[in-house]
Amino acid sequence: MAGLFAHTLRPALLAASRVERLRRAADRSALTRRVVRRFVPGDSLDEVVEVVVALRDSGRYISSDYLGENVTDADDAADTVRAYLGLLDALGRRDDCAFDGVRPLEVSVKLSALGQALDRDGQKVALENARTICERAQAIGAWVTVDAEDHTTTDSTLSISGDLRVDFPWLGTVLQAYLRRTHGDCAELASQGARVRLCKGAYDEPASVAYRDTADVTDSYLRCLRVLFAGGGYPMVASHDPAIIAAVPALASEFGCDAYEYQMLYGIRDAEQRRLAATGNAVRVYVPFGTQWYGYFMRRLAERPANLAFFVRALSART
């Protein structure tokens, strides 16, 4: 079953995530939208803030993401910036901002939603838009992490992140363990003392640039994680894989690293999130919101068989 999922179902789901006709059909389906709430708690700012309050009350940290990507219009990119500023203002009204150390509240941004893909000066536009968000985050005592997208954007994303870290050294960067280059990128960022969120990877990448076998991806993740724990940065272990979670305490002990955190997605392994937090670990939950949920939702279905099974059970219950 694992082989069928990895080699057949996962590529099909990722391909479907890019089909506009399927996106429109999913958006019209009341059942699909109800199931989506498992992973995306709401469309509006008020809805996501309500979830943030509940998660913080349970002892977990937050990284919130306003959904959207591959923006090709400067006005749309500006709208995304305004949405993030509104989110940060809402988060800033909470009492747990402005920590001197680990900041409980964070936003995650995709540079392609900030104009990176614009035909003219896309990288410059994305940099300035991201800078505006970072300035507001700095003012209210939150963090910003720059998300990873498909491999064609990696060089641009790392370049923009590096520019931002000059003024915002707390900026986080996401690396994807399934990319063959990531071991070297981890070493580079760890040497700079950067915050790095390491995830397995959620896009359908060619074998020339990415590991395709599940076991190879896990092996790459553990090798990259070792580099991060050995370095001088702040590792963020973004995984739901029990084998990876179980490996963390030994790595922390071996390298004397006590500044790190676990990260998991909203709606996935909630009991494990609570267990880790209850035993004194820093646990951050990635909480997306907004109306542009289709691509994100499809990547979550493609991420692990349990997510797809949940969706299938929900569909079956209505037939």
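Colleague: Is V40 buried or exposed?
Modeller: V40 counts as buried because its relative accessibility is 0%, where buried means under 20% relative accessible area, exposed over 50% and partly exposed in between, with a 1.4 Å probe and protein chains only. This is a predicted model, in which local features need pLDDT of at least 70, side-chain atom pairs count only at pLDDT 80 or more, and totals for chains, interfaces and linings use all residues. Residues are numbered from 1 along each chain as its sequence is written, and side-chain values use heavy atoms, with hydrogens and water left out.

Colleague: Where is the place of V40, and what is V40 in contact with?
Modeller: V40 is in the loop between α3 (30–36) and α4, helices being DSSP runs of H or I with at least four residues and strands runs of E with at least two, numbered from the N terminus. Leaving aside neighbours within four places in sequence, V40 is in contact (heavy atoms within 4.5 Å) with L67, Y266, P288, F289, G290, W293 and Y296. The C-alpha atoms of V40 and G290 are separated by 8.0 Å, although the two residues are 250 apart along the chain.

Colleague: Changing topic, how many residues has the largest nonpolar core?
Modeller: That core has 37 residues, and V107, L114, I133 and V144 have the most contacts inside it; a nonpolar core is a set of buried Ala, Val, Leu, Ile, Met, Phe, Trp, Tyr and Cys residues joined through side-chain atoms within 4.5 Å.

Colleague: Which element gives the largest share of this core?
Modeller: The largest share, seven residues, comes from α6.
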